[in-house]
Amino acid sequence: MLSLYQICQFIEDSQIGTAIRESQIVFPVIESFHVLGLAVSAGTIVLLDLRLTGLGMQRVLPAQLMHRLKAWYITGFILMMITGGLLFWAEAEKLYRSPTFRWKLVFLVIAGLNAAYYEFKYVPKMNHWDGNTSLPSGAKLAGWCSLISWAAVIGFGRWTAYGLK
Amino acid sequence: MNLHPVFLWLDHSALANVVRASTWAFAALEVIHLFGLTLLLGSISVLDLRLLGGGLRDQTISEIALDITPWTMIGLGTVVATGLVLATAEANRLYESGPFLIKMILFALAVTFTFTFQRGLTKSEPTHGAALRGGIISLLLWFGVGFAGRAIAFF
C-alpha cells in the first residue's frame, strides 16, 4: 500500500510532471495563468462579497451580481483548478512537504464549504432582496468568511511558491 | 536619460537593506501586492466585461463604473505602494530586466487610460463603439502588466 508521500513522488517523477517542471516556457505560462486567473475567479467573488458585507457595490442587487457573473467566476475557478492541477503534477513531492501548501488547501476547503452553505441557505432567497432591505446577518457573515478565506488561499499560495525547495 | 544612478541609489538605500535583511518582509509585501492585484484586475475585468456587453447588464455602464472605481483605486494604491518597496529591494536586478521595463511601460499606459477613459465613464454613458474599444484596450493593457510582471521572475 503506497503512502500519500510516495504517490506524490510518483506524480512528480512522472513524464508529464517532469516535462512541465523542466520546461522553459510551459511552466511559466501555466503559472502566469494561475496567478492572473485570480482576477477572474477570486476577483469577481470579491465584488459579490463586498455587496454582501455592505462594503460596496450598492448599485447592483446581490442576486444580479451572483447570477450575471456566475458563468465568469465558475470559468475562472475551472481555470484555477486546471492550472493548479498541472502545477501540482510538476511539484507534487515538494508540495507534500510544504506546510504552507497544506494551509492553502485547508482554506480552499473552508472557502468551498462556505460557498456551498451560501448556495443552499441563501441563493433561493436572493431574489427577494431588493435594494432597500438589509441583508440577513448570515449572508453578511458568509461574505466575510469568503473574503477572509480567499485572502488566506492567496496568501498561503504565494508563501508556498516563495518557500518551495 | 540614464536612470542607472537612481536604481543604484535605491538598491543601496536603508529601505532596501531592511527588506532584504528580513526573512519574511519580501514575501509579505508580495502577498499584499497580490491582494491589490486581485482587487485591481478583478474590478477592472468586471467593468470591461460590461463594456463588452456582458456581465452586469442590468446596470448602465456609468453605474458599474461608479461602483467599481473606488475599489480599482484601492487596488491600484496597494500595488503601487507595495510595488515601490519591492522594486527598491531588487532595484539592481530590475534595472537589467527586460520584462520589468515592458511592465512599467504598459503600467504607465494602463494608468493613463484608466484615469482618462474610466473617469469619463462615471460621468456619461459611452457609445457602443467606444465601449467596445475601451473594454478591449483596458483588458489588454492591464493583463499585459500582469503577464509582464510574472515574466520578471522567469527571464
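This is a predicted model: local features need pLDDT of at least 70, side-chain atom pairs count only at pLDDT 80 or more; totals for chains, interfaces and linings use all residues.

User: How many helices and strands in chain A?

Analyst: Chain A has 8 helices and 0 strands. Both are DSSP runs numbered from the N terminus: H or I of at least four residues for helices, E of at least two for strands. The C-alpha trace of chain A spans about 55 × 35 × 25 Å along its principal axes.

User: And what about chain B?

Analyst: Chain B comes to 7 helices and 0 strands. Its C-alpha trace spans about 50 × 30 × 25 Å along the principal axes.

User: What percentage of chain A counts as buried?

Analyst: 36% of the 165 residues of chain A. Buried here requires 20 or more other C-beta atoms within 10 Å of the residue's own, with C-beta atoms placed from the backbone. For chain B, 34% of 155 residues count as buried.

User: Switching to the interface, how many residues of chain A are in contact with chain B?

Analyst: On the chain A side 29 residues, in contact with 28 residues of chain B. Contact means C-beta atoms, placed from the backbone, within 7 Å.

User: Which elements of chain A give two or more residues to that side?

Analyst: α3 (26-40), α4 (42-53), α5 (62-96) and α8 (137-163) of chain A. The largest share, 8 residues, comes from α3(A).

User: What is that side like by class?

Analyst: The side of chain A that touches chain B has 18 nonpolar, 7 polar and 4 charged residues. Nonpolar covers Ala, Val, Leu, Ile, Met, Phe, Trp, Tyr, Cys and Pro; charged covers Asp, Glu, Lys and Arg; the others, Gly among them, are polar.

User: At what angle do α3(A) and α4(A) cross?

Analyst: Roughly 25°, and their axes come within 3 Å. α3(A) is therefore roughly parallel to α4(A), a label for angles under 35 degrees. Axes are lines fitted to C-alpha atoms, for helices over the stretch in contact, with angles from 0 to 180 degrees between N-to-C directions.

User: Which residues make the contact?

Analyst: Leu38(A), Ala39(A) and Val40(A) of α3(A), with Ala42(A), Gly43(A) and Thr44(A) of α4(A). By class, this contact has 4 nonpolar, 2 polar and no charged residues.

Terms used
Residues are numbered from 1 along each chain as its sequence is written. Chains are lettered from A and ligands numbered from 1 in the order in which they are written. Two residues are in contact if their C-beta atoms, placed from the backbone, lie within 7 Å. A residue is buried if 20 or more other C-beta atoms lie within 10 Å of its own, exposed if 12 or fewer, and partly exposed in between; C-beta atoms are placed from the backbone. Angles under 35 degrees count as roughly parallel, over 145 as roughly antiparallel, 65 to 115 as roughly perpendicular and the rest as oblique.
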